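This briefing covers one protein chain, from its overall fold to single residues. The sequence and structure come next.

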Amino acid sequence: MGQPVAVKRLSVTDSNDIPLVNRRSFENEIRTLTKVRHRNIIKLYGFCSMKGYMYLVYEYIERGSMGKVLYNDDGAVELGWGTRVRIVQGVAHSLAYLHHDCSPPVVHRDVSVNNILLESELQPRLSDFGTARLLNPDSSNWTSVAGSCGYMAPDKYVHL
């Protein structure tokens, strides 16, 4: 029998009328994940767009999101401090790889507990690269706030 996969489906009423933001997110995820290979980053196996739907096919990660595990009473007990440190280290390694070992460098822009997936042995996989940016090393790289609501360092706030 085949190996299980995870499929992310973005639906729209007409494939010619895909909202620009969804199309950009879809293409961005493909562009980014076809360029990176790291043990703590989700693997993209394939993609297609047809009949009003856009599909991304990933490796299947058994436990799902860290948020799902963390906010479940039984799962939270399983995430002792040693395990949490190992998860943070794995995510830090994936971010260091994206920033320093990729050419051009990649900025994820949406690291959250819902975008960190956990394997059966609680090894982390960074996912959801729809808002990621590939940085141009020959120019200044300004980026706007993107991704999930959450913590932002005080020096990053934009005053209007």
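Helices (H or I, at least four residues) and strands (E, at least two) are DSSP runs, numbered from the N terminus. On that basis the elements of the protein chain run β-α-β-β-β-α-α-α-β-β-β-β from the N terminus on, which comes to 4 helices and 8 strands. The model is predicted: local features need pLDDT of at least 70, side-chain atom pairs count only at pLDDT 80 or more, and totals for chains, interfaces and linings use all residues. Residues are numbered from 1 along each chain as its sequence is written, and side-chain values use heavy atoms, with hydrogens and water left out.

**Whole chain**

- Of the 160 residues in the protein chain, 34% are buried; buried means under 20% relative accessible area, exposed over 50%, and partly exposed in between (1.4 Å probe, protein chains only).
- The protein chain has an accessible surface of about 10400 Å², and carbon and sulfur atoms account for 54% of that surface; areas come from the Shrake-Rupley method with a 1.4 Å probe, and for residues only the protein chains shown count as cover.
- Contact means heavy atoms within 4.5 Å. Among contacts between residues at least 6 apart in sequence, 64% join residues at least 24 apart.

**Nonpolar core**

- A nonpolar core is a set of buried Ala, Val, Leu, Ile, Met, Phe, Trp, Tyr and Cys residues joined through side-chain atoms within 4.5 Å.
- The largest such core has 28 residues, and those touching the most other members are Leu 33, Val 36, Ile 41, Leu 98, Ile 116, Leu 118 and Phe 129.
- Two or more residues each come from helix 1 (20–33), strand 3 (53–59), helix 2 (66–70), helix 4 (81–101) and strand 6 (116–118).
- Helix 4 gives the most to this core, with 4 residues.
- In soluble globular proteins, nonpolar side chains tend to be buried together.
- Leu 98 belongs to helix 4 and is buried, at a relative accessible area of 0%.
- Beyond residues up to four places away in sequence, Leu 98 touches Val 36, Ile 41, Pro 105, Val 106, Leu 126 and Phe 129.
- From Leu 98 to His 108, 10 residues apart in sequence, the C-alpha to C-alpha distance is 8.0 Å.

**Buried glutamates**

- A polar contact is a pair of N or O atoms within 3.5 Å; within protein, one must be able to donate a hydrogen and the other to accept it, and residues adjacent in sequence count only if both atoms are side-chain atoms.
- Glu 29, in helix 1, is buried with a relative accessible area of 1%. Its side chain reaches the backbone nitrogen of Gly 130 at 3.0 Å.
- Outside four places in sequence, the contacts of Glu 29 are Lys 8, Leu 44, Leu 56, Tyr 58, Asp 128, Phe 129 and Gly 130.
- Glu 59, in strand 3, is buried with a relative accessible area of 9%.
- The side chain of Glu 59 reaches the backbone nitrogen of Lys 43 at 3.0 Å and makes a polar contact with the side chain of Arg 125 at 2.3 Å.
- Not counting residues up to four places away in sequence, Glu 59 touches Ala 6, Ile 41, Ile 42, Lys 43, Tyr 45 and Arg 125.

**Aromatic rings**

- Rings of Phe, Tyr and Trp (its six-membered ring) pair if their centres lie within 6.5 Å; planes under 30 degrees apart count as stacked, over 60 as edge-to-face and the rest as tilted.
- The whole structure holds 1 aromatic pair. Tyr 53 and Tyr 55 form this tilted pair, with 6.0 Å centre to centre and 35° between the planes.
- Both tyrosines are partly exposed, Tyr 53 at 29% relative accessible area and Tyr 55 at 24%.
- The charged end of Arg 84 sits over the ring of Trp 81, 4.9 Å from its centre; this requires NZ of Lys or CZ of Arg within 6 Å of the ring centre and within 35 degrees of the ring normal.

**Loops and backbone geometry**

- Tyr 71 lies in the loop between helix 2 and helix 3 (73–78) and is exposed, at 67% relative accessible area.
- Ser 103 and Pro 104 are joined by a cis peptide bond with omega about 0°; Pro 104 is in the loop between helix 4 and strand 5 (106–107).
- Arg 109, in the loop between strand 5 and strand 6, has a positive phi of about 75° although it is not a glycine. Arg 109 is partly exposed at 23%.
- Leu 122, in the loop between strand 6 and strand 7 (124–126), has a positive phi near 65° and is buried at 7% relative accessibility.
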